[in-house]
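Q: Could we go through this model together? I would like to begin with the sheet and then move to other parts.

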Amino acid sequence: MSERTLNIAHLYPDLLNLYADRGNILTLVQRLRWRGIEAVVHEVTHHDQPRLAAYDLVLLGGGSDREQEIVGAYLAKHKDEFARAIANGLPVLAICGGYQLLGTYYQLPDGRKIPGLDVLDMYTSAGTGLPRLIGNVAIETEYGIIMGFENHGGRTVHHHQPLGKVLHGHGNDGESGFEGVHHLNVWGTYIHGPLLPKNPQFADAVLATALAYAGHSPELEPLADDTEALARRAFLSRRMPDVNLS
Ligand code: GLN
């Protein structure tokens with residue numbers, strides 16, 4: 001039995017799991033295991049009641065408009081609990097469709113609005129006749145360069161701190177030059193691919209935050225990450241040669 005255990009909730013894995021978002025969970029669990037830290041993953045489907053007090057980290061993945069509409073209705077039932085937990089420092093990582101659902105609303109191309117959790121002062125609209133924002137993306141962040149893939153119709157506007165500055169790709173709205181959000185212990189981003197295997201330094205920052213939230217020491221023994229470094233260099237040189245890693 002390890003001294004430190006982390007409870008990770010994967011919310012709606014049956015509905016929000018685009019572009020291998022499940023790989024983010026595998027990365028978190030494996031990076032903990034390599035340090036002898038136990039991880040318990042709670043797969044919370046729409047049949048279950050989320051128990052936010054029992055989790056040290058919550059992950060919301062991406063999904064299509066259709067799935068978002070279904071998830072939006074479930075999340076609406078837990079709005080107050082989410083608001084309280086997040087204000088209390090609950091770490092949340094939300095990707096693409098999940099990211100959009102943290103805001104006030106996501107407006108569909110037909111004009112209807114899916115209400116979000118409203119934990120961020122942020123909204124997203126798909127607009128009509130606008131192209132989707134698709135392609136490889138790299139951003140400059142406090143965790144170094146984060147890279148991956150984006151594919152979204154929605155344009156997100158907020159005045160919180162962004163996760164990073166766009167070096168390549170589109171980001172939040174294709175115009176602002178910013179990508180994602182970082183507010184309290186909440187990170188939102190359009191980056192799939194999945195996000196965490198390609199960005200181990202960010203994965204560790206999320207884990208350290210979750211360990212601290214759980215009342216454990218956030219110290220994480222460094223890992224070699226040679227394969228990850230090789231993959232990052234290859235990805236940049238082949239797909240985004242305009243981005244310099246060093
Ligand atoms: N439905 C959203 C959009 O296209 C989110 C898509 C996703 O999660 N990739 O904007």
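Q: What is the strand order in the open sheet of four strands, and how do the strands pair?

A: This is a predicted model. The order in the open sheet is β9-β8-β11-β12, and the pairing is antiparallel.

Q: Which strands stand at the edges?

A: The edge strands are β9 (144-152) and β12 (178-179). Each has a single partner strand, so one side of each is left without a neighbour in the sheet.

Q: And what holds strands of a sheet together in general?

A: Strands of a sheet pair through backbone hydrogen bonds, in either a parallel or an antiparallel manner.

Q: How many bridges pair β8 with β11?

A: Three bridges pair strand β8 (residues 133-141) with strand β11 (residues 164-168), in the antiparallel sense. Ile 139 stands opposite Val 166 of β11, and Ala 138 has His 168 in β11 as its bridge partner.

Q: How many bridges join β11 to β12?

A: Two bridges join β11 to β12, and these strands run antiparallel. Gly 164 stands opposite Glu 179, which belongs to β12.

Q: Changing topic: how many residues surround the ligand, and which are the closest?

A: The ligand is surrounded by 14 residues, the closest being Gly 62, Cys 96, Gly 97, His 152 and Gly 154. The elements giving two or more residues to this shell are α2 (65-76), α4 (97-100) and β9.

Q: How do the shell residues divide into nonpolar, polar and charged?

A: The shell around the ligand has three nonpolar residues, ten polar ones and one charged one.

Q: Now the helices. At what angle do α1 and α6 pack?

A: Helix α1 (residues 22-33) and helix α6 (residues 200-213) pack at an angle of about 75°, and their axes are 10 Å apart. That makes α1 roughly perpendicular to α6.

Q: Which residues meet there?

A: From α1, Thr 27, Leu 28, Arg 31 and Leu 32 meet Ala 203, Asp 204 and Leu 207 from α6. By class, this contact of α1 with α6 has four nonpolar, one polar and two charged residues.

Q: What is Val 44 in contact with, leaving aside its neighbours within four places in sequence?

A: Val 44 is in contact with Ala 9, His 10, Leu 11, Tyr 12 and Pro 50, with neighbours within four places in sequence left aside. Tyr 12 and Val 44 are 32 residues apart in sequence, yet 5.5 Å apart in space, C-alpha to C-alpha.

Terms used
Residues are numbered from 1 along each chain as its sequence is written. This is a predicted model: local features need pLDDT of at least 70, side-chain atom pairs count only at pLDDT 80 or more; totals for chains, interfaces and linings use all residues. Two strands pair if DSSP finds at least two bridges between them. A residue is near a molecule or strand if its C-beta atom, placed from the backbone, lies within 6 Å of it. Ala, Val, Leu, Ile, Met, Phe, Trp, Tyr, Cys and Pro count as nonpolar, Asp, Glu, Lys and Arg as charged, and the others, Gly among them, as polar. Axes are lines fitted to C-alpha atoms, for helices over the stretch in contact, and angles run from 0 to 180 degrees between N-to-C directions. Angles under 35 degrees count as roughly parallel, over 145 as roughly antiparallel, 65 to 115 as roughly perpendicular and the rest as oblique. Two residues are in contact if their C-beta atoms, placed from the backbone, lie within 7 Å.
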